[in-house]
Amino acid sequence: TIGPAIPMQLFIDSPHSHLQGECTLSHSTNRGFPVWECHHACTDIHCDQRYTFTDSHGNWVLGPNYAKDTGWAMASHHGGRLPHQITEWQRQDGKGGWIVDPTVRMYDPRLNSTADDGRCSKFWVEGIDRLNNVPFVPSDTVYNFRQSYRSMDGEHVIYWCPSCFLLAGKPAWKVTSGTDLPSTSKDPPSATYPHCPGWLITEDTTGGEFASSVSITWYIYSDDVWNDVQPSLTCYDDLL
């Protein structure tokens, strides 16, 4: 029986686009463990159907068919731990072998605990006039297959975009008005956000998860140019 501790949704973080995406708990099980159906950010033909499941060796696998022991990412001998509880994942190396890849991870977006690396899901923003003392909490909407965050005053959204960091074409986090973004996350990123609206931006250096308590440089759009700023983002797990 699938109990309440099993997350309905999992996110996959990786710099490799074919491993990125969002997984939803399915009605199926495999070898007594739950199966998640995954929707990925890439548009390659091989990304059409994917699952996170347990294979015959007791590994969590991200692959095309949960009835077969094949896939592109794997967590060895999970021992009953769920995918978001695994700290070491492997991926195919392109030569028929497997390599440990610390940039691959799965997480449950509902969890609000602060990680050792500074990640948390509820935070204050200070040092930006338009955001001073504005608390942010997880949004109910997923953009570009990543958790987004809404300000509690309803005015702003922090969201992830795949290639909009200034002119470098790198992943970034952006702040924009809540009315500038669509309410769905199921469209391909290029179709959903052709221009990635926003007035405050920072490069994504955490593999797709917002690291709110890490001091990093942001850029604010003012007078037709981007100027660097360093706001203070502080975890606050007891907001709600």
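D224 is found in the loop between strand 16 (218–222) and strand 17 (225–229), where strands (E, at least two residues) are DSSP runs numbered from the N terminus. Before I go on, please note that this is a predicted model, in which local features need pLDDT of at least 70, side-chain atom pairs count only at pLDDT 80 or more, and totals for chains, interfaces and linings use all residues. Residues are numbered from 1 along each chain as its sequence is written, and side-chain values use heavy atoms, with hydrogens and water left out.

To return to D224, its phi is near 70 degrees, a positive value in a residue other than glycine. D224 counts as exposed, at 65% relative accessibility; here exposed means over 50% relative accessible area, buried under 20%, and partly exposed in between, with a 1.4 Å probe and protein chains only.

H77 also has a positive phi, near 45 degrees, and is a residue other than glycine. H77 lies in the loop between strand 6 (73–75) and strand 7 (90–92), and it is exposed, with a relative accessible area of 57%.

Is D108 buried or exposed? At 4% relative accessibility, D108 is buried. D108 sits in the loop between strand 9 (105–107) and strand 10 (123–126). From C-alpha to C-alpha, D108 and Q147 are 9.9 Å apart in space, and 39 residues separate them in sequence.

L166, L167, Y221 and W226 make a nonpolar patch of about 440 Å². Patch residues have over 30% relative accessible area and no salt bridge, and nonpolar side chains (Val, Leu, Ile, Met, Phe, Trp, Tyr) are joined within 5 Å, like charges within 9 Å. A salt bridge is a side-chain nitrogen of Lys or Arg within 4 Å of a carboxyl oxygen of Asp or Glu.

The largest cavity has a volume of about 40 Å³, that is, the space filled by probe spheres set on the points, which are joined across faces, edges and corners. Which residues line the largest cavity? They are V125, L131, I158, V175, L200, W218, P231 and L233, lining residues being those with an atom within 4 Å of a point. By class, this lining has eight nonpolar, no polar and no charged residues.

Key. Accessible areas come from the Shrake-Rupley method with a 1.4 Å probe; for residues, only the protein chains shown count as cover. On a 1 Å grid over the protein atoms alone, a cavity is a set of points where a 1.4 Å probe fits but cannot get out, and a pocket is an open set with protein on both sides within 12 Å along at least five of seven lines; lining residues have an atom within 4 Å of a point. Ala, Val, Leu, Ile, Met, Phe, Trp, Tyr, Cys and Pro count as nonpolar, Asp, Glu, Lys and Arg as charged, and the others, Gly among them, as polar. Helices (H or I, at least four residues) and strands (E, at least two) are DSSP runs, numbered from the N terminus.
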